[in-house]
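Please keep the sequence and the 3D view at hand while reading.

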Amino acid sequence: MCLLIQHCVTILSAYEKQLQSISFSPSSLETLTDYFCAVEMVRLLRDILSVPLFLAIIVSLFAIFISISAPLLHTFDPLPPVLALEMAVTSLTGIIILVSLTLYGSKIPESLLKIKETAGMLLVRNAKQKFKHGIGTETMYLLRRIEKSEIIHLSACGMMEIRKRFLLTAVGGLCTYGLLLLNFKMKDIH
């Protein structure tokens, strides 16, 4: 999934560089309309990865939670080394999946935001030059549409958007449930 997302980000970054170096000519309309194909690609990727992202995030959160809760709930006095190793590997796998999907998934909105900023910069730059380059109304219309377009975020079944702040939410949830388990264990001891 990370490779698919990275490929999409590479395409968006290449488009943003192409937009920065655009020379306003009749062929520039084709370059500007390519943006809408790129947005359609992002929407398709969001729809395709919705369920797999949800499953991967849920599995990684459960893996981390289980590896946190096992030492809190076990009754052995010393933790067996095999169990400790298994919990460490399980939690590390869950953390890697969660962090990599979140960081890669948050690159798509960042790339779309850069494209919008570049379109806005082109509008401002050409407005200052009073459109001496012969920019047509179609070109201006497309630049404004790009500037006003929505930012698309990947989502996990529409329940959560993949953003960097999701990591903070996940860590907070895991800590809360870990503290609850610790509290239950303390009540059992007393």
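Is Y35 buried or exposed, and what is its relative accessible area? In this predicted model, Y35 has a relative accessible area of 1% and is therefore buried, given that buried means under 20%. Y35 belongs to the α2 side of the contact between α1 and α2, and Y35 also forms an aromatic pair with F36.

**Packing of α1 against α2**

- Helix α1, which covers residues 2-20, packs against helix α2, which covers residues 28-73, at an angle of about 165° and with the two axes 11 Å apart.
- Because angles over 145 degrees count as roughly antiparallel, α1 is roughly antiparallel to α2.
- The crossing in which α1 passes α2 is left-handed.
- On the α1 side the contact is made by L4, I5, C8, I11, L12, Y15, Q18 and L19, while α2 contributes T31, L32, D34, Y35, A38, M41, V42, L45 and L49.

**Aromatic pairs and the cluster**

- The model holds three aromatic pairs by the rule applied here.
- One of them joins Y35 and F36 in an edge-to-face arrangement, with 5.4 Å from centre to centre and 80° between the planes.
- F36 has a relative accessible area of 26% and is therefore partly exposed, whereas Y35, at 1%, is buried.
- Y15, Y35 and F36 together form one aromatic cluster; of these residues, Y15 of α1 and Y35 of α2 are also listed in the contact between the two helices.
- F65 and Y177 form another edge-to-face pair, for which the centres are 6.3 Å apart and the planes make an angle of 85°.
- This pair links distant parts of the chain, since F65 lies in helix α2 and Y177 in helix α6, 112 residues apart.
- Both of its members are partly exposed, F65 at 24% relative accessibility and Y177 with a relative accessible area of 48%.

**L181 in α6**

- L181 is placed in helix α6, which spans residues 165-189.
- With a relative accessibility of 13%, L181 counts as buried.
- Leaving aside residues up to four places away in sequence, L181 touches F65, S69, L72 and L73, and F65 is the residue that also pairs with Y177.
- The C-alpha atoms of L181 and S69 are separated by 6.9 Å, although the two residues are 112 residues apart along the chain.

Technical notes
Residues numbered from 1 in each chain as written. Predicted model: local features only at pLDDT ≥ 70, side-chain atom pairs only at ≥ 80, totals over all residues. Heavy atoms only, no water. Axes fitted to C-alpha atoms, helices over the stretch in contact; angles between N-to-C directions. Helix = DSSP H or I, 4+ residues; strand = E, 2+ residues; numbered from the N terminus. Parallel < 35°, antiparallel > 145°, perpendicular 65-115°, else oblique. Left-handed = near helix turned anticlockwise from the far one by under 90°. Contact = heavy atoms within 4.5 Å. Buried < 20%, exposed > 50% of the residue type's maximum accessible area, 1.4 Å probe, protein only. Phe/Tyr/Trp six-rings, centres within 6.5 Å; stacked < 30°, edge-to-face > 60°.
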